[in-house]
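Welcome! Take a look at it first, and then read on.

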Amino acid sequence: MARKAIISDMHGNLEATIAVFKDIDEQNIENIICIGDVIGYGANPGECLDELIKRNIVSTKGNHESAILAECYEYFRPEARRSLLWTREQLYNSSWHFIRKIRRINFLHSMREKYPDETGALYLHGSPRDWKNEYLSSGDYINYIYKRPGAKRKLDVNFERFSKLCFNGHNHIPGLIIKVKQELEREIIDYQKKKIILTSGYNLVYPKELTDGIFELKEEEQVLVNVGSVGQPRNCDPSASYFIYDTKKMTVQCRRISYDILKAAAKIKKLGFRHLAERLTKGE
Ligand SMILES: [Fe+2]
């Protein structure tokens with residue numbers, strides 16, 4: 001399979017999920033990998049699971065699936081906790097057709113912690129060190145640049161745990177952290193035809209800086225790709241985010257997809273989660 005789509009953090013947002021699948025179909029991609037948090041926050045957790053089941057998608061577990069399976073919500077803020085309790089009720093105790101309910105629950109149990117593919121790429125929700133709870137993203141790069149205590153160590157420990165390429169989600173902000181060896185520094189040209197210099201050590205590139213969101217992978221570099229979120233984006237852009245990994249061209253590409261945000265937000269608001277609905281419309 002030359003082209004793979006990597007999706008994460010749908011969070012029960014059926015409108016965003018369907019819009020992303022439509023775009024994936026239009027790109028002629030058959031191989032889709034989901035890296036967790038299909039449920040939680042949104043109004044259609046069961047329907048989002050049905051979409052993955054229908055397409056037989058390999059999926060790793062997110063912290064929201066883990067919390068629901070273990071019935072352990074202590075790490076979540078009050079509104080997220082309430083949303084998870086509502087989600088569990090929907091999946092386990094609602095009057096849904098018995099077979100459909102069993103299929104959904106079986107799918108939750110089938111989700112893996114990590115998934116390595118045939119190209120050596122690793123897929124997981126949080127971080128290579130802690131798939132469930134650890135955030136690893138742009139904020140860690142900023143801590144590294146400012147030489148904050150433990151920042152380099154955190155990146156080192158996680159980059160030691162994969163070979164070349166790792167896809168994660170969890171913090172809902174798309175971004176690439178690239179580790180470059182000293183003798184292999186290089187320049188890339190951004191969408192404004194300016195140079196971005198990848199220097200030795202860790203570098204951060206946001207997809208919006210890249211022409212068409214495309215980044216060329218180099219054999220000598222290690223790259224962690226945070227794919228952002230389909231259903232609850234948090235980088236001040238409310239459109240759904242996912243990535244395409246082209247294993248022949250050796251590129252990764254961020255895709256931003258618009259969808260009916262107001263419809264998804266109205267359903268969440270109707271359930272009593274006003275703050276979650278507002279976040280969706282603002283992309284926060
Ligand atoms: Fe999430």
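This is a predicted model: local features need pLDDT of at least 70, side-chain atom pairs count only at pLDDT 80 or more; totals for chains, interfaces and linings use all residues.

The protein is built from nine helices and 14 strands. Its radius of gyration is 18 Å, close to the 19 Å that the globule rule gives for 284 residues, so the protein is as compact as a globular protein of that length.

**The protein as a whole**

- Along the principal axes, the C-alpha atoms fill a box of roughly 60 × 45 × 35 Å.
- Buried residues make up 43% of the 284 in the protein.
- If you take the contacts between residues at least 6 apart in sequence, 70% of them join residues at least 24 apart.

**A six-stranded sheet**

- Six strands form an open sheet with mixed pairing, in the order S4-S5-S6-S12-S7-S10.
- At the edges stand strand S4 (114-116) and strand S10 (201-205); each has a single partner strand, so one side of each is left without a neighbour in the sheet.
- On average, neighbouring strands of this sheet are turned by 15 degrees against each other, direction ignored.
- Strands of a sheet in general pair through backbone hydrogen bonds, and they can do so in a parallel or an antiparallel way.
- Strand S5 (residues 122-124) and strand S6 (residues 165-168) run parallel and are joined by two bridges.
- To see these two strands side by side, look for Tyr123, which stands opposite Phe167 in S6.
- Helix H6 (residues 138-145) lies across strand S7 (175-180) and S10, and runs at about 135 degrees to S10.

**Helices H3 and H4**

- Helix H3 (residues 63-70) packs against H4 at an angle of about 65 degrees, and the axes of the two are 10 Å apart.
- The crossing of H3 past H4 is right-handed.
- Where they meet, His64, Ala67 and Ile68 come from H3, while Leu84, Thr87 and Arg88 come from H4.

**Helix H9**

- Helix H9 (residues 274-282) has Leu276, Ala277, Arg279 and Leu280 buried.
- These four cover an arc of only 160 degrees around the axis, which puts them on the same side of H9.
- An α-helix has 3.6 residues a turn, so residues three or four places apart point the same way.
- The cover over the buried residues of H9 includes helix H4 (78-93) and helix H8 (261-270).

Terms used: Residues are numbered from 1 along each chain as its sequence is written. Two strands pair if DSSP finds at least two bridges between them. Axes are lines fitted to C-alpha atoms, for helices over the stretch in contact, and angles run from 0 to 180 degrees between N-to-C directions. Two residues are in contact if their C-beta atoms, placed from the backbone, lie within 7 Å. The radius of gyration is taken over C-alpha atoms; the globule rule is 2.2 Å times the number of residues to the power 0.38. A residue is buried if 20 or more other C-beta atoms lie within 10 Å of its own, exposed if 12 or fewer, and partly exposed in between; C-beta atoms are placed from the backbone. The arc is that of the directions from the helix axis to the C-beta atoms. A crossing is left-handed if the near helix is turned anticlockwise from the far one by less than a right angle, and right-handed if clockwise.
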